[in-house]
Amino acid sequence: MSQLITISVMQTVVLKVAMSCEGCVGAVKRVLSKMEGVESFDIDLDQQKVTVKGNIQPDAVLQTVSKTGKKTEFWPTETAQSS
């Protein structure tokens with residue numbers, strides 16, 4: 001008898017989202033609160049930064065937040081900026 005074992009891996013996904021007001025923040029909060037696997041999220045309007053934690057896939061989080069109509073991309077990593 002074989003069983004499918006799902007291993008939950010906590011991941012942190014950081015996105016840069018073009019948000020200009022509290023309405024934008026509300027839209028992002030709405031889609032993230034409905035997303036399966038999301039444990040918590042933090043939205044920083046000043047930095048236009050969204051940090052999502054949970055048993056999630058980075059691409060799925062990006063697609064979900066993109067549905068708000070806001071320009072969404074992965075946060076640039078520190079290593080990409082060093083030269």
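**Close-up 1. The surroundings of Leu15 in the predicted model.** In this predicted model, and leaving out residues up to four places away in sequence, Leu15 touches Gln48, Lys49, Val50, Val61, Leu62, Val65, Thr72, Glu73, Phe74 and Trp75. Leu15 also belongs to the largest nonpolar core, which has 17 residues, and together with Met19, Val28, Val50 and Val61 it is among those that touch the most other members.

Close-up 2. Helix H1 provides the largest share, which amounts to four residues.

Close-up 3. The side chain of Thr72 reaches the backbone oxygen of Lys70 at 3.0 Å. When neighbours within four places in sequence are set aside, Thr72 is in contact with Leu15, Lys16, Val17, Leu62, Val65 and Ser66.

**Close-up 4. The cysteines Cys21 and Cys24.** The closest cysteine sulfur to that of Cys21 belongs to Cys24, at 3.7 Å, and because a disulfide requires the two sulfur atoms to be within 2.5 Å, this pair is too far apart for a bond. The count of disulfides is accordingly zero. Cys21 is partly exposed, at 34% relative accessibility, whereas Cys24 is buried, with a relative accessible area of 7%.

How values were computed
Residues are numbered from 1 along each chain as its sequence is written. This is a predicted model: local features need pLDDT of at least 70, side-chain atom pairs count only at pLDDT 80 or more; totals for chains, interfaces and linings use all residues. Side-chain values use heavy atoms; hydrogens and water are left out. Buried means under 20% relative accessible area, exposed over 50%, partly exposed in between (1.4 Å probe, protein chains only). A nonpolar core is a set of buried Ala, Val, Leu, Ile, Met, Phe, Trp, Tyr and Cys residues joined through side-chain atoms within 4.5 Å. Helices (H or I, at least four residues) and strands (E, at least two) are DSSP runs, numbered from the N terminus. Contact means heavy atoms within 4.5 Å. A polar contact is a pair of N or O atoms within 3.5 Å; within protein, one must be able to donate a hydrogen and the other to accept it, and residues adjacent in sequence count only if both atoms are side-chain atoms.
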